[in-house]
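Welcome! Here is a short briefing to read alongside the sequence and the 3D view. Take a look at the structure, then follow the points below.

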Amino acid sequence: GIGNPIKAEIVNKPTAMELDKKDGYDDKPMAVGFKVLDKDGKAMKFSKLESGEYKYSNEGDEVIHTSDDGKLKAMYLPLGNAPYSFEEVEKPAGYGFAGAIKAELKDENTYEKPLLVSVKNVPLALEILKVDGKTKKPLDAGFAIMNESGDKKALRFIKVSDGVYRYDEAGKEKTVKTSGGKLQLLYLPEGNYLIEETNVPR
């Protein structure tokens with residue numbers, strides 16, 4: 001007769017990629033939108049689960065978002081469409097686009113062991129150098145920065161360190177000062193600016 005059959009349980013685990021999005025200057029998490037492109041450059045579609053994770057779905061949306069902790073998880077992507085790439089489609093003001101990031105998804109990249117992809121956005125920066133016209137030695141001075149268009153009011157900044165300032169509408173600093181003849185302004189939105197010297201060196 002037939003003996004006791006051997007029972008075998010076969011579990012198919014979904015593929016998974018986890019993206020970690022951070023500020024390239026201070027490592028703070030960032031919530032932004034991405035598209036996932038397959039090997040042919042076609043945007044994949046996803047449905048958002050109650051857990052906040054994304055599941056590959058033909059009925060879903062092309063744009064998926066990192067949460068406030070800078071992370072997103074994309075699951076159930078077919079291995080036959082790999083390699084994939086993450087393409088940033090949204091960015092906060094004051095940053096440049098990160099560019100496409102390739103993701104080499106493999107069969108061992110499951111929910112428990114997702115492919116980890118790290119993306120960092122470097123803030124836009126304006127650097128001002130102040131030197132003596134004759135000796136070329138660095139000079140320290142103060143400047144007001146204004147939008148070329150608009151009300152011409154001095155923009156506000158938060159001082160990060162000597163000669164380094166971060167643009168912030170709620171900042172207290174209207175005059176930004178060089179240190180060793182150098183001034184670096186971070187997180188300025190794209191645009192044209194007027195630079196007015198306010199503290200002239202003697």
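Lys120 counts as partly exposed, with a relative accessibility of 43%. In this predicted model, Lys120 forms a salt bridge with Asp27, and their closest N and O atoms are 2.9 Å apart. Asp27 is partly exposed as well, at 40% relative accessibility.

**Salt bridges**

- The pair of Lys120 and Asp27 links distant parts of the chain: Lys120 sits in strand β9 (residues 115-121), while Asp27 is in the loop between β1 and β2 (33-37), 93 residues apart.
- How many salt bridges are there? The count comes to 10.
- Another of these pairs is Lys73 with Glu18, whose closest N and O atoms are 3.8 Å apart.
- Lys73 belongs to strand β6 (residues 71-75) and Glu18 to strand β1 (residues 16-23), so this pair ties together parts that are 55 residues apart in sequence.
- Lys73 is buried, its relative accessible area being 12%.
- Lys22 and Asp20 also meet through their side chains in a salt bridge, at 3.8 Å from N to O.
- Is Asp20 buried or exposed? Asp20 counts as buried at 16% relative accessibility, whereas Lys22 is partly exposed at 27%.
- Lys71 joins the picture too: Asp20, Lys22 and Lys71 are linked in a network of salt bridges.
- As background, side chains of opposite charge can pair when their charged atoms come close.

**The nonpolar cores**

- The largest nonpolar core has 25 residues, and those touching the most other members are Met17, Val36, Phe46, Leu77, Tyr84 and Phe86.
- Which elements give two or more residues to this core? They are β1, β2, β6, β7 (84-88) and β9.
- Of these, β9 gives the most, with 3 residues.
- In soluble globular proteins, nonpolar side chains tend to be buried together.

- Strand β11 covers residues 142-147 and includes Gly142.
- Most of β11 is covered, as 5 of its 6 residues are buried.
- Beyond residues up to four places away in sequence, Gly142 touches Thr175, Val176, Lys177, Glu196, Glu197, Thr198 and Asn199.
- β11 and β16 run antiparallel and are joined by 6 bridges; in β16, Tyr193 is the bridge partner of Asn147.
- β11 also runs antiparallel to strand β14 (residues 176-177), with 2 bridges between them; here Phe143 has Val176 as its bridge partner.
- For a sense of scale, the C-alpha atoms of Gly142 and Asp61 are separated by 49 Å, and the two residues are 81 apart along the chain.

**Confidence in the model**

- The average pLDDT of the chain is 90, and 93% of the residues score at least 70.
- Which element has the lowest mean pLDDT? Among the elements of the chain, this is strand β16 (residues 193-199), at 89, while strand β4 (residues 54-56) has the highest, at 97.

Definitions and conventions:
Residues are numbered from 1 along each chain as its sequence is written. This is a predicted model: local features need pLDDT of at least 70, side-chain atom pairs count only at pLDDT 80 or more; totals for chains, interfaces and linings use all residues. Side-chain values use heavy atoms; hydrogens and water are left out. pLDDT is the predictor's confidence in each residue, from 0 to 100. Helices (H or I, at least four residues) and strands (E, at least two) are DSSP runs, numbered from the N terminus. A salt bridge is a side-chain nitrogen of Lys or Arg within 4 Å of a carboxyl oxygen of Asp or Glu. Buried means under 20% relative accessible area, exposed over 50%, partly exposed in between (1.4 Å probe, protein chains only). Contact means heavy atoms within 4.5 Å. Two strands pair if DSSP finds at least two bridges between them. A nonpolar core is a set of buried Ala, Val, Leu, Ile, Met, Phe, Trp, Tyr and Cys residues joined through side-chain atoms within 4.5 Å.
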